[in-house]
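Welcome! Here is a short briefing to read alongside the sequence and the 3D view.

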Amino acid sequence: MLFCSLKGKVIFCSYFSSVAFFKDRLKEKDAHTWVPSLNDVPLHYLKPNSLVKFRCFIQDMFDPEFYMGTYEAVDPSTKAKVLRCGKYKDVTECGVDFNSRSTMTAERHTFYCVPIPGESPWVKEISSSGSSQARVVPSTSYAPTRQKRSYEEDDDDMDTDTQPQKQREPHTEPHGNGDCKRREKEAPSSQAASASHLDLNFPLPGEKGPSCLLKVYEEWDGFKLNEAVEVFGILSVSPALSALADEDASSSLLDPAGGMETAEEQRVHSPPASLVPRLHMLHAKPLPHNNPLLPAAGLEDNNSAFLSSTLREMAAVRAELLAYFTHVLLGDALAAEYLILHLVSNVYTRRDVLPLGKFTLNLSGCPAVASFTERFYQIIQQLVPSSYYLGMTLQNMNQMRLVPKKDYVANRLLSGALQLATNTSLFLDESQLEQGQLDTTGVRNVTALGNLISWQKVDYDFSYHQMEFPCNINVLIASEGRSLLPSDCQIHLQSQVAPPDLEAYLGGIQVHPQASQLNKFRMYLSVARQLDYSIADEVTKSVEDDFVDMRKDDPQSISAEDLHRMLVVARLLSLSLGQTSLSRDSWLRAKHVEMLRRSRMEQNKCVNGNEP
Amino acid sequence: MSSPLSTPGGRKRGRTTNPSTPSSEGPTSPPFQRRRGQDSSTGDLMPMPTSPPTDVLSPAAPLDNSLFSSPRPSVPPNEVDMSSPLMYGTPSSRVEGTPRSGVRGTPARQRPDLGSVSKAPQVDLQSEPPSADGAVASEANAGQRLVIWGTDVNVGTCKEKFQRFLQRFIDPSSSEDENTGLDLNEPLYMQKLEEISVVGDPVLNVNCLHVQSFDAELYRQLICYPQEVIPTFDMAVNELFFERFPDSILEYQIQVRPYNALKTRNMRNLNPEDIDQLITISGMVIRTSQLIPEMQEAFFQCQVCAFSTRVEVDRGRIAEPAVCRHCNTTHSLALVHNRSLFSDKQMIKIQESPDDMPAGQTPHTTVVYAHNDLVDKVQPGDRINITGVYRAVPMRANPRQSNVKSVYKTHIDVIHFRKTDEKRLHGLDDAEQKLFTEERVQTLKELAAKPDVYERLASALAPSIYEHEDIKKGILLQLFGGTRKDFSQTGRGNFRADVNILLCGDPGTSKSQLLQYVFNLVPRGQYTSGKGSSAVGLTAYVMKDPETRQLVLQTGALVLSDNGICCIDEFDKMSDSTRSVLHEVMEQQTLSIAKAGIICQLNARTSVLAAANPIESQWNPKKTTIENIQLPHTLLSRFDLIFLMLDPQDEAYDRRLAHHLVSLYYQSEEQLEEEFLDMAMLRDYIAYARTYINPKLSEEASQALIEAYVDMRKIGSGRGMVSAYPRQLESLIRLAEAHSKVRFSEKVETIDVEEAKRLHREALKQSATDPRTGFVDISILTTGMSATARKRREEVAQALKKVIQAKGKTPAMKYHTLLEDLRRQSETAITKEMFDEALRALSDEDYLTVTGKTVRLLA
């Protein structure tokens with residue numbers, strides 16, 4: 001007995017040392033370049049049992065499973081008993097002796113991971129080009145051609161009748177070639193037919209990409225639902241897994257006692273490995289952002305050089321971006337200013353229930369012509385790493401599943417469109433609203449959106465109870481009048497363009513800046529969001545004085561809520577200028593900007609008196 | 001499987017011999033099947049042909065085994081019987097040794113929850129020294145040398161200990177509802193046995209905590225080796241029972257069902273070490289399966305010679321005998337289904353209860369198997385505590401495949417269910433099954449002993465919301481609630497113990513935030529918005545279940561927050577019909593429903609915390625409180641406290657507010673943590689007080705309450721005020737009780753009444769309402785004075801009066817000189833504000849008037 005367990009330890013030890021080796025290697029700077037990524041290399045080009053990485057989003061957490069940590073197996077050829085390790089593997093080898101006392105049971109957790117929802121095409125493109133050298137030798141047939149993509153788009157167009165939201169989803173610029181690969185991948189797969197009825201449970205409709213079952217061996221408590229992580233692990237696509245699944249399903253009919261899982265559950269928890277590969281995690285790091293242009297490790301450590309150089313440029317980039325946005329927003333510089341603030345906002349902490357730092361912007365007065373909002377979204381999509389466009393049509397509101405819901409039959413969390421990663425931009429297009437009645441689902445969806453905006457949380461539906469998941473989503477509401485949803489800040493768009501030229505102007509706004517400039521903008525927005533921020537004591541004092549003075553002048557017009565907003569605006573303004581602490585100037589500027597906005601609101605109120 | 005177990009000898013000793021006549025033992029012969037089933041599944045009860053206490057490797061074993069073709073050829077032939085978790089020939093033979101009609105006349109029932117699914121590693125007797133020997137060496141006691149293999153359980157000792165426990169255990173402080181009606185100073189379990197003899201329900205539930213306090217060693221064994229120890233307990237209890245009540249007739253032998261094992265409380269903490277141990281976890285039932293008949297014993301008949309044999313299930317499989325033992329024909333045995341034995345089984349899925357979960361993770365689920373009479377005991381949605389044995393089963397090895405999934409399936413074989421919300425249905429009390437550790441209780445008590453505990457707790461409530469101390473105090477009292485009283489005997493029914501609060505105020509005074517905080521704090525809270533909710537959403541609605549096509553009642557927010565707090569935002573936006581639903585809930589605390597043929601009354605013992613805007617959305621200081629709130633008077637009177645959250649519009653206040661808000665934005669998380677009690681502490685404190693503290697009114701307190709009420713009646717006659725009703729007296733009592741709960745005091749004293757009065761008055765800002773006009777004077781509100789501040793103001797006013805009187809007959813004075821004079825006279829520093837207040841106080845007394853910068857004496 002003693003001997004056996006010792007032997008088991010030896011095996012473990014060797015595993016541990018190799019894991020340590022891998023971890024060290026993975027910490028090296030170039031780690032991300034030499035490991036092939038599941039995100040952009042099709043599955044059938046990857047070697048089974050090789051090291052891969054996956055940039056993913058934890059969509060669901062399954063129950064923990066106990067596996068044979070070490071077990072004794074009988075070698076069929078030599079009949080000798082061999083001690084084996086079950087870690088990082090799905091299937092055992094040879095005949096397992098279940099009664100051997102050297103069997104050690106260990107625990108591991110399974111997470112269901114999908115690619116980061118709403119990841120912008122440019123992110124995919126850049127990150128796949130960055131790791132191109134890691135690509136496994138492509139076969140001759142592997143050539144992403146334009147033809148294939150257009151074929152796919154046709155495909156989508158045909159689908160539009162059945163899937164309403166797809167139609168609103170603007171088809172933007174070249175999808176990364178990831179899609180083509182995906183297509184390629186599915187074609188040779190014999191499972192293609194079964195793929196159609198297997199719901200991969202992506203949060204957003206129309207998403208594509210590989211999903212995987214992530215097996216976590218240690219420190220699983222550190223992971224949270226909806227977290228974006230980059231995982232390095234061993235890919236397991238053993239066909240035995242799917243075979244087993246089939247068998248279990250059939251045997252469960254014969255033996256009801258053995259089948260504690262329903263057929264649905266089987267399908268969800270052990271999908272064919274060719275479709276949903278298993279990934280045995282060696283190392284994972286949480287992604288503070290998914291912008292490939294930024295150094296992957298956060299800004300704090302060892303990137304001071306990068307940080308300082310970016311900080312210096314920030315003011316200049318901001319000016320350029322402001323000009324660009326002003327152009328896009330029909331020459332409205334103030335709205336452009338607020339848009340920048342909105343895009344760099346971030347919930348940086350929570351005080352009991354109150355999320356701090358959120359800045360939901362309601363851009364009212366959007367022209368209803370020439371699909372302005374959709375074009376506008378495309379521009380935003382070009383700039384932020386992940387985003388989602390939700391047209392608030394009656395149909396969408398009444399039919400879409402926004403809030404994730406637990407499906408007890410299949411024992412999984414059915415995803416909803418509000419299951420989004422941190423700092424995803426959610427673009428709500430209220431100009432799509434039409435007359436009609438919201439049904440129960442619709443009311444619930446609108447409430448969920450309201451909760452999301454006010455408290456930055458989503459109550460997941462567990463049918464017997466609700467569970468609250470905090471989130472950090474930048475919500476931008478584009479509407480004609482004032483939005484029916486709450487918002488932190490509303491700004492009415494004032495077009496500087498004469499109405500007759502509007503159509504033509506709008507047609508032209510989509511002209512993109514150059515790639516280098518775009519990258520600068522992208523980097524700028526991501527960096528500004530990550531900066532630290534503080535308020536010095538002197539400034540605190542003057543802010544307090546200012547508030548008291550303002551209240552003195554007109555106590556009705558300024559409330560605690562206004563101070564809240566002004567503090568947020570001041571914070572975002574400083575950050576957008578690359579300043580990490582509030583200066584007197586920024587505070588004054590924030591006050592000024594707020595004043596301009598308020599006076600515009602007043603004006604607007606006078607113009608259309610019926611608006612509340 | 002005929003001999004040795006079904007030999008006459010075995011039968012004679014078999015405790016399970018059925019009294020039925022031999023003629024009934026036809027081809028169906030259920031009694032014998034039952035007996036066999038019991039023997040096999042429990043294993044431990046296997047009677048041995050010979051019963052020398054030390055003989056484990058009795059000759060019966062090899063004999064027994066030779067009947068089957070063993071499924072694993074490598075296993076030595078004598079292993080099967082040894083491997084069955086228990087072999088106590090000893091205990092069972094001892095039972096038989098003193099024949100008692102009671103024990104023998106009662107059939108034992110299978111315990112599939114313990115035995116049949118066991119996957120214990122097989123004993124390899126060849127490679128290991130005989131188990132008993134090893135144990136003997138360690139065991140000093142020569143008489144009791146036998147232990148069960150793989151454990152340190154000695155059957156004899158274990159049994160004796162348990163019998164002693166049953167006979168002697170007394171728990172005078174027991175407060176479990178199951179023990180009501182039992183004499184707490186008598187041995188608890190003997191009374192329960194007596195109950196069994198009367199009622200005839202052969203189940204003895206044993207609280208593991210009792211076992212632990214009685215004998216820690218026994219408890220440890222029970223937890224570690226439930227599969228062996230519980231059958232021993234069964235034996236012990238049956239012996240004892242039939243000794244006591246030899247004439248009683250039970251359907252089955254008594255089964256012991258331990259519960260409340262403290263091994264694990266949380267599903268998340270289950271790990272491989274818990275396998276095969278007794279655990280208790282809490283959770284919520286989410287699915288139950290159909291009834292599954294599980295074969296316990298297969299009946300085989302030889303096609304050639306009609307020889308029959310029985311085979312027990314072994315690790316979920318039946319090994320078909322390859323050779324007929326009678327005629328030696330190979331493969332001649334066929335399974336006869338309707339003579340085989342089946343037991344009931346049900347698969348239940350439970351999910352972690354939401355309170356146990358760390359933030360940001362999804363709840364885990366666990367599969368639970370219920371057997372026999374535990375089948376269909378629970379429904380989806382029930383919150384239960386399960387005690388059972390945790391099992392891990394390897395995925396079945398498939399002979400055709402060399403590779404198997406290296407994963408075990410885990411489940412729990414349930415031994416005991418306990419519904420945690422059962423009490424709520426009985427309408428007794430809300431004692432949540434929340435256990436506190438000794439240290440936690442100690443910390444809580446220390447906190448309670450602090451003189452400023454009330455202020456501390458109030459400031460810990462929603463620290464991000466600035467000031468509004470009194471409102472926080474009111475909400476704090478609401479969280480604690482009053483003492484529940486039952487007057488149903490005298491015809492008045494239950495008195496409401498829950499405090500209802502209405503917050504009414506200007507927009508942007510963080511009312512919603514406060515509501516949201518409370519909703520997050522309490523375990524059973526609901527948050528609805530008056531704008532979005534209908535009467536139906538608050539109460540209950542009838543809908544057709546999509547699966548069963550039956551009408552089912554779906555409960556709304558008020559019912560769901562039974563024993564919790566229902567937060568209703570935008571109360572004023574609610575339609576009148578919706579609001580009218582609240583009348584019943586807020587006083588009678590029930591909800592009557594008559595819909596679609598479903599007529600019922602549901603409990604809705606909920607506290608309502610509502611927030612409303614004034615009728616003109618901004619508080620109109622020109623109007624009275626009632627005119628501003630504009631809610632039906634009937635409804636208003638049901639609120640114990642009505643708080644006005646007004647924007648004070650005062651410079652000092654603004655400054656403090658600004659400071660608070662700014663600090664919110666730059667202080668780090670840790671800094672704030674230090675300042676306040678954390679939410680978990682607050683939650684525990686409240687839960688503890690709600691569960692364990694039931695204050696009663698003292699004599700002085702009653703007097704004080706009476707006086708307070710009379711006073712309130714007097715004041716309340718003023719115009720436009722909320723006048724006092726008996727309801728207000730009740731709410732004063734509730735508040736006083738809640739306040740004494742805050743202090744962990746079992747007695748309501750005068751200070752509690754004082755605070756209740758103060759809050760009540762403060763709530764309506766009656767102190768600030770000018771009794772002549774009924775208007776709220778905003779400038780008075782800005783001071784937001786506490787009781788001590790008011791006392792100081794009184795003192796300053798008196799001092800000022802003296803100063804003025806000292807001046808003699810001067811009808812008018814300069815404001816500044818007067819201030820200077822007062823400052824000179826006073827020992828403490830007098831601020832300008834204090835002076836102003838003193839002046840105002842005096843002018844209220846009609847002693848003087850202030851016009852501009854001059855002060856004029858009146859009269």
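**Helix packing in chain B**

In this predicted model, helix α16 (residues 469-480) of chain B packs against helix α25 (residues 679-692) of chain B at an angle of about 50°, and their axes are 9 Å apart. Helices here are DSSP runs of H or I with at least four residues, strands are runs of E with at least two, and both are numbered from the N terminus. Axes are lines fitted to C-alpha atoms, for helices over the stretch in contact, and angles run from 0 to 180 degrees between N-to-C directions.

**More on α16(B) and its partners**

- α16(B) and α25(B) are therefore oblique to each other; angles under 35 degrees count as roughly parallel, over 145 as roughly antiparallel, 65 to 115 as roughly perpendicular and the rest as oblique.
- From α16(B), the residues B:Leu476, B:Gln478, B:Leu479 and B:Phe480 meet B:Leu682, B:Tyr685, B:Ile686, B:Ala689 and B:Arg690 of α25(B), where contact means heavy atoms within 4.5 Å.
- The residues of this contact of α16(B) with α25(B) divide into seven nonpolar, one polar and one charged. Ala, Val, Leu, Ile, Met, Phe, Trp, Tyr, Cys and Pro count as nonpolar, Asp, Glu, Lys and Arg as charged, and the others, Gly among them, as polar.
- Helix α15 (residues 453-460) of chain B also packs with α16(B), at an angle of about 100° and with the axes 9 Å apart, so α15(B) and α16(B) are roughly perpendicular to each other.
- On the α15(B) side of the contact are B:Tyr454, B:Glu455, B:Leu457 and B:Ala458, while α16(B) brings B:Glu469, B:Lys472, B:Lys473, B:Leu476, B:Leu477 and B:Phe480.
- Sorted by type, the residues of the contact of α15(B) with α16(B) are six nonpolar, no polar and four charged.

**Helix α27 of chain B**

- How far apart should the ends of helix α27 (residues 726-742) of chain B be? At 1.5 Å a residue, its 17 residues should span 24 Å, and the end C-alpha atoms are 25 Å apart, which agrees; the expected span is 1.5 Å times one less than the number of residues.
- Of the 17 residues of α27(B), 14 are buried, so this helix is largely enclosed by the rest of the structure. Buried means under 20% relative accessible area, exposed over 50%, and partly exposed in between (1.4 Å probe, protein chains only).
- After α27(B) comes B:Phe744, whose phi is positive, near 60°.

- A:Gln59 lies in strand β1 (residues 51-61) of chain A. Is A:Gln59 buried or exposed? At 0% relative accessibility, A:Gln59 counts as buried.
- Beyond residues up to four places away in sequence, A:Gln59 touches several others, including A:Tyr112, A:Asn201, A:Leu225 and A:Gln419.
- B:Met543 belongs to strand β14 (residues 540-544) of chain B and is partly exposed, with a relative accessible area of 30%.
- The C-alpha atoms of B:Met543 and B:Met813 are separated by 77 Å, and these residues are 270 residues apart along the chain.

**Chain A overall**

- Chain A has 19 helices and 19 strands, and 57% of its 612 residues count as buried.

**Confidence and conventions**

- The model scores ipTM 0.73 and pTM 0.70.
- Chain B has a mean pLDDT of 68, with 65% of its residues at 70 or more; pLDDT is the predictor's confidence in each residue, from 0 to 100.
- Over residues 116-144 of chain B, pLDDT stays under 50.
- Residues are numbered from 1 along each chain as its sequence is written, and chains are lettered from A and ligands numbered from 1 in the order in which they are written. Local features need pLDDT of at least 70, side-chain atom pairs count only at pLDDT 80 or more, and totals for chains, interfaces and linings use all residues, while side-chain values use heavy atoms, with hydrogens and water left out.
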